[in-house]
Amino acid sequence: MFRQLIGVLAQVEGDVGTIGKGLVYGLGAIGPGIGIGFLVGKAVEAMARQPEAAGMVRTTMFLGIAFVEALALFGFVLSFII
Amino acid sequence: MGALVGLLSFTKPPEGFEAPGTEIFETHCVIGSGDYCVNRASLLMILASVIVVALFLIAFRRPKLVPTGIQNAMESVVEFVRNGIALEVMGHDGLPWVPFLTTMFMFIFVNNIFEILPLIHFPTTSRMAIPPVLALLAYFLFIGAGIKAQGFRFFKESLFPPGVPTALYVLVTPIEFVSTFLVRPVTLTVRLLANMVAGHLILTIFFLGSAYLALQPATIPFAIPAFLLGVFLMTFEILVSVLQAYIFTILTAVYVGLAIHPEH
């Protein structure tokens, strides 16, 4: 399957490097996407269980998002560098 | 597989349309020439500082007991930074840091919001000039605050966290060193820079693309949704501008807070 895909990519005219850049960002976004999904879901759960702690949970959630999101952004920057 | 080839042929841009790349972030010299000159981005940075100073001066030069207009808006900003960032993250020790954090927040926010302001349309934080300086400022500030609060113990506590079995320091100390003293300024920089680069690129691509599609009568049905999605992305970029300013400020507060509160 993978070899076939390589064969198909070899037939594509134009800049194949563009597809590689797209793959770098696309693959790099999978993990952080799942991570942010879990993170916000759990944060909403916590806020629903304990609405009085919502402020603290929200701050921590944004912090967590910032750390996870950095990974996706590294992929984005890398797609320009390669 | 034939279908895949057909699908991939769509990835080629149509004839005559040049998708914008990173060259849209290059600006020309306005004053002077060579490598060290004042270009449009530098002028915008100066404008951003002037706007921030002017906003605070106008709002708080003659403060009224019952705030109106701009004083109201700026007081809500200060209150947001005080309650939402300083008190939330650093506790009561964070109150002396509120002026610095507010200035930082407003400066990043104004530089970000340039992305969607008419006639400017260029986020100055998308060039590798402002984010590293701000990140290094935060870096030296949290190291300085740690030294001031704990003395040399700051380095000992952050490199050799207490409560870890002695043998594990072989593993813990390099990780702590990299994550505290090397990765922090890099991630602060890249997070802000990449967000603004991505936003500016995607807005440019959407508006250039919809303008290109609108040239031919046959492709006008595609131009309209592309333009509408571009307008929607513009509102999304307002959210991103606020959020990135908030995240940069809150991370600075977290780093300083960790430095002045030793982990027992």
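Q: Which residues of the largest nonpolar core touch the most other members?

A: In soluble globular proteins, nonpolar side chains tend to be buried together. In this predicted model, the largest nonpolar core has 44 residues, and those touching the most other members are A86(B), L101(B), F105(B), I108(B), F248(B) and A253(B). Two or more residues each come from α3 (54-81) of chain A and, in chain B, from α2 (40-60), α3 (69-90), α4 (98-113), α5 (130-150), α7 (169-213) and α8 (220-260). Helix α8(B) gives the largest share, ten residues.

Q: Which residues is L101(B) in contact with, leaving aside its neighbours within four places in sequence?

A: The contacts of L101(B) beyond those neighbours are V81(B), I85(B), A86(B), T249(B), T252(B) and A253(B). Of these, A86(B) and A253(B) are also among the core residues that touch the most other members.

Q: At what angle do α7(B) and α8(B) pack?

A: Two packed helices are described by the angle between their axes and the distance between the axes. For α7(B) and α8(B) the angle is about 170 degrees and the axes are 9 Å apart. Angles over 145 degrees count as roughly antiparallel, so α7(B) is roughly antiparallel to α8(B). Their contact is made up of 19 nonpolar, six polar and three charged residues.

Q: Why is V57(A) classed as partly exposed?

A: A residue is buried if 20 or more other C-beta atoms lie within 10 Å of its own, and exposed if 12 or fewer do. V57(A) has 18 within 10 Å, so V57(A) is partly exposed. V57(A) lies in helix α3 of chain A. Not counting residues up to four places away in sequence, V57(A) touches A43(A), A46(A) and M47(A). K42(A) is 15 residues from V57(A) in sequence, with a C-alpha to C-alpha distance of 9.8 Å.

Note on methods: Residues are numbered from 1 along each chain as its sequence is written. Chains are lettered from A and ligands numbered from 1 in the order in which they are written. This is a predicted model: local features need pLDDT of at least 70, side-chain atom pairs count only at pLDDT 80 or more; totals for chains, interfaces and linings use all residues. A nonpolar core is a set of buried Ala, Val, Leu, Ile, Met, Phe, Trp, Tyr and Cys residues joined through C-beta atoms within 7 Å. Helices (H or I, at least four residues) and strands (E, at least two) are DSSP runs, numbered from the N terminus. Two residues are in contact if their C-beta atoms, placed from the backbone, lie within 7 Å. Axes are lines fitted to C-alpha atoms, for helices over the stretch in contact, and angles run from 0 to 180 degrees between N-to-C directions. Angles under 35 degrees count as roughly parallel, over 145 as roughly antiparallel, 65 to 115 as roughly perpendicular and the rest as oblique. Ala, Val, Leu, Ile, Met, Phe, Trp, Tyr, Cys and Pro count as nonpolar, Asp, Glu, Lys and Arg as charged, and the others, Gly among them, as polar.
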